Amino acid sequence: MGRCMSFITWRDRCFRYSFSNAGLKSTTTDLGDGTIMHCWAPKAHNHSNRSLLLIHGIGANAMWQWNYFISSLTRHFNVYVPDLLFFGHSYTTRPERSEWFQAKCVMALLQAHGVHTMTVVGLSYGGFVAYSMAVLFPKSVEKLVVCCAGVCLEDKDMDEGMFKVKNVDEAVSILLPQTPQMVRELVQLTFAKPIKFLPTCFLNDFIDVMCTEYRQERKELIQALHKDRKVSNLPKITQPLQIIWGEQDQVFPLELAQRLKRHVGEKAQLVVIKNAGHAINAEKPKELYKNLKSFLIDPLTPSKQESHSNDHKMDQKG
């Protein structure tokens, strides 16, 4: 039987149109030393608006993970949506694979665009990078949102049975699927209510377009997350932090959200989305946006504050 026409490529083009229609343009920046980063950036930077950085997780490129939110967020912010290294059109010849290196590259990218202060939202793996940015650049990151990112995991958690997978290699085989069956297992793992009908030709198309390039490098990114990780070594941030989690997350169980809230302390607020798994951006986009809006947008409206300084005071209380 012949292969299906590439729905994934067609969908990717639709997302490009959507991002462009929201006032963003595709840009590529050479950071030097063999590092190239792609980013969707404003066609025209509005100096009266704050800057918002959206960082994607492991899986498809940034457009697929943030498309639902773009048109709403660009009304309030100068929105920047980069592809992390080894996703989309971003890559490096350097050997570093830690989220700390990703964070430094993203900050260098934003500075190349003339952005020096921002709010950061990170989804899953992007949450690790976002938290690292808040640690490394406390004067640049004003507020932070971490969505379903096990920043506070420890390397012993897997041995103690916290996760559905038994080891990092099994996690890699699911998170970076190379067969239709592994894509189905990924959907089962990341959704509270998984899609039941997934045609094999569609899944092969997804693998060909989204999962074959830079697989070894992405594997190394996942491995780096777990290596020698302890909460006691994780710096505490001082910025206002919103933690958003799916109640039924099987990739990073809810216990890790509670652990992160305890670790950061009074600056952190935890929001749990019911009937949702790990992929809250795809499974519960309306609920996710509602909570992003309450933390990022509502405090900026004239009815809730009179000036930027008052907004800062509210953030400190949050």
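# Briefing on a predicted model: helices, loops and selected residues

Ser124 sits in the loop between β6 and α4. The structure is a predicted model, in which local features need pLDDT of at least 70 and side-chain atom pairs count only at pLDDT 80 or more, while totals for chains, interfaces and linings use all residues. Residues are numbered from 1 along each chain as its sequence is written, and side-chain values use heavy atoms, with hydrogens and water left out. Helices (H or I, at least four residues) and strands (E, at least two) are DSSP runs, numbered from the N terminus.

**Positive phi values**

- Most residues other than glycine have a negative phi.
- Ser124 is not a glycine, yet its phi is positive, at about 55 degrees.
- Ser124 is buried, with a relative accessible area of 14%; buried means under 20% relative accessible area, exposed over 50%, and partly exposed in between (1.4 Å probe, protein chains only).
- Phe86, also a residue other than glycine, has a positive phi near 75 degrees.
- Phe86 is placed in the loop between β4 (77-82) and β5 (91-92), and it is buried, with a relative accessible area of 2%.

**Helix α4**

- Helix α4 covers residues 125-136, which makes 12 residues.
- From its first C-alpha to its last, α4 reaches 17 Å, close to the 16 Å expected at 1.5 Å a residue; the expected span is 1.5 Å times one less than the number of residues.
- Of the 12 residues of α4, 10 are buried, so the helix is largely enclosed by the rest of the structure.
- The buried residues of α4 are Tyr125, Gly126, Gly127, Phe128, Val129, Ala130, Tyr131, Ser132, Met133 and Ala134.
- The cover over these buried residues of α4 includes the strands β3 (50-55), β6 (118-123) and β7 (141-147).
- The cover of α4 also includes the helices α3 (99-112), α9 (215-226) and α10 (254-264).
- Contact means heavy atoms within 4.5 Å.

**Helices α7 and α8**

- Two packed helices are described by the angle between their axes and the distance between the axes.
- Helix α7 (residues 180-190) packs against helix α8 (residues 200-211) at an angle of about 90 degrees, and their axes are 9 Å apart.
- That angle makes α7 roughly perpendicular to α8.
- Axes are lines fitted to C-alpha atoms, for helices over the stretch in contact, and angles run from 0 to 180 degrees between N-to-C directions.
- Angles under 35 degrees count as roughly parallel, over 145 as roughly antiparallel, 65 to 115 as roughly perpendicular and the rest as oblique.
- On the α7 side the contact involves Pro180, Val183 and Arg184, and on the α8 side Thr200, Leu203, Asn204 and Ile207.
- By class, this contact of α7 with α8 has 4 nonpolar, 2 polar and 1 charged residues.
- Ala, Val, Leu, Ile, Met, Phe, Trp, Tyr, Cys and Pro count as nonpolar, Asp, Glu, Lys and Arg as charged, and the others, Gly among them, as polar.
- The buried residues of α7 are Pro180, Met182, Val183, Leu186, Val187, Leu189 and Thr190.
- What covers the buried residues of α7 includes α6 (168-175), α8 and α11.

- Asn281 belongs to helix α11 (residues 280-283) and is buried, with a relative accessible area of 12%.
- A polar atom of the Asn281 side chain lies 3.1 Å from the backbone oxygen of Gln65.
- Apart from neighbours within four places in sequence, Asn281 is in contact with Gln65, Phe69, Leu123 and Leu288.
- Arg259 is found in helix α10, where it is buried, with a relative accessible area of 14%.
- Not counting residues up to four places away in sequence, Arg259 touches Cys152, Leu153, Glu154, Asp157, Met162 and Val231.

**Exposed residues and C-alpha distances**

- Lys139, in the loop between α4 and β7, counts as exposed at 79% relative accessibility.
- Lys139 and His45 are 94 residues apart along the chain, and their C-alpha atoms are separated by 21 Å.
- Lys193, in the loop between α7 and α8, counts as exposed at 64% relative accessibility.
- Lys193 and Gly246 are 53 residues apart in sequence and 12 Å apart in space, C-alpha to C-alpha.
- Asn21 lies in helix α1 (residues 7-21) and is exposed, with a relative accessible area of 57%.
- The C-alpha atoms of Asn21 and Pro177 are separated by 32 Å, with the two residues 156 apart along the chain.

Notes
A polar contact is a pair of N or O atoms within 3.5 Å; within protein, one must be able to donate a hydrogen and the other to accept it, and residues adjacent in sequence count only if both atoms are side-chain atoms.
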